[in-house]
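Me: Hi! I've got this one open and would like to talk through its contacts with you. Can we start with the charged pairs?

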Amino acid sequence: QLKRLDLSQCDLITDTGLVELEHLVRIEELSLGWCRSITDVGIEILTNQNGRSENLRILGLARVPISDVGVEHLGKLSMLEELDINGCSNIGSIALGKALEKLTHLTSLDVSYCPGIL
């Protein structure tokens with residue numbers, strides 16, 4: 001029944017560790033900010049889990065070293081309302097634009113300190 005989970009600044013959280021979240025299908029708010037061992041693969045794992053596209057409303061990925069590939073996976077989170085990718089320096093405007101086209105419920109986006117985003 002868990003709806004909010006904050007794992008921010010847990011450098012020991014890896015892509016493989018995100019697999020363990022698959023049973024938490026009702027998560028509405030997830031913070032993974034400053035988890036510097038998470039990659040694009042982890043974002044793909046997360047976005048493909050049951051319940052993510054229907055339930056996840058708030059996602060924090062500040063300073064997570066994802067790239068354009070990871071951002072494109074975020075487009076699967078159709079109910080996402082808030083996204084924090086500040087400090088994700090490997091993300092470009094084109095990939096973000098493609099993801100934003102699919103995130104029609106998004107009302108808050110933090111892209112501060114993202115040099116690749118115009």
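Reply: Happy to! Arg-36 forms a salt bridge with Asp-11, and their closest N and O atoms are 2.8 Å apart. A salt bridge here is a side-chain nitrogen of Lys or Arg within 4 Å of a carboxyl oxygen of Asp or Glu. This is a predicted model, where local features need pLDDT of at least 70 and side-chain atom pairs count only at pLDDT 80 or more, while totals for chains, interfaces and linings use all residues. Residues are numbered from 1 along each chain as its sequence is written, and side-chain values use heavy atoms, with hydrogens and water left out.

Me: Thanks. Where do Arg-36 and Asp-11 lie in the chain?

Reply: The pair links distant parts of the chain, 25 residues apart: Arg-36 is in the loop between strand 2 and helix 2, and Asp-11 is in the loop between strand 1 and helix 1. Helices (H or I, at least four residues) and strands (E, at least two) are DSSP runs, numbered from the N terminus. Arg-36 is partly exposed at 48% relative accessibility, and Asp-11 is partly exposed at 32%. For these labels, buried means under 20% relative accessible area, exposed over 50%, and partly exposed in between (1.4 Å probe, protein chains only).

Me: How many salt bridges are there by this rule?

Reply: Four. One of them joins the side chains of Lys-3 and Glu-28, at 3.7 Å from N to O. Lys-3 is in the segment before strand 1 (4-6) and Glu-28 is in the loop between helix 1 (15-19) and strand 2 (29-31), so this pair ties together parts that are 25 residues apart in sequence. Lys-3 is partly exposed at 44%, as is Glu-28 at 34%.

Me: And what does Arg-57 meet in a salt bridge?

Reply: Glu-81, again through the side chains, at 3.7 Å from N to O. Arg-57 sits in the loop between helix 3 (52-55) and strand 3 (58-60), and Glu-81 in the loop between helix 4 (68-74) and strand 4 (82-84), so parts 24 residues apart in sequence are tied together. Arg-57 counts as partly exposed at 25% relative accessibility, and Glu-81 does too at 32%.

Me: OK, changing topic. Which residues have the most contacts inside the largest nonpolar core?

Reply: Leu-30, Leu-32, Leu-59 and Leu-61, in a core of 31 residues. Helix 2, helix 4 and helix 5 (93-102) each supply at least two residues of it. A nonpolar core is a set of buried Ala, Val, Leu, Ile, Met, Phe, Trp, Tyr and Cys residues joined through side-chain atoms within 4.5 Å.

Me: What is Leu-59 in contact with?

Reply: Leaving aside neighbours within four places in sequence, Leu-59 is in contact with Leu-30, Leu-46, Leu-74, Leu-77, Leu-80, Glu-82, Leu-83 and Asp-84. Contact means heavy atoms within 4.5 Å.

Me: Which residues of helix 2 are buried?

Reply: Asp-40, Gly-42, Ile-43, Leu-46 and Thr-47. Seen down the axis of helix 2, they fall within an arc of 155°, so they line one face of the helix. That arc is taken over the directions from the helix axis to the C-beta atoms. They pack against helix 1, strand 2, helix 3, strand 3 and helix 4.

Me: Tell me about Thr-47, then.

Reply: Thr-47 is in helix 2 (residues 40-47) and is buried at 5% relative accessibility. The Thr-47 side chain reaches the backbone oxygen of Glu-44 at 3.2 Å. Not counting residues up to four places away in sequence, Thr-47 touches Arg-52, His-73, Leu-74, Lys-76 and Leu-77.

Me: One last thing: how far apart are Gly-33 and Cys-88 in space?

Reply: They are 9.9 Å apart, C-alpha to C-alpha, and 55 residues apart in sequence. Gly-33 lies in the loop between strand 2 and helix 2 and is buried at 5%. Apart from neighbours within four places in sequence, Gly-33 is in contact with Ser-8, Gln-9, Gly-60, Leu-61, Ala-62 and Val-64.

Notes
Polar contact = N/O pair within 3.5 Å; in protein donor to acceptor, adjacent residues only side chain to side chain.
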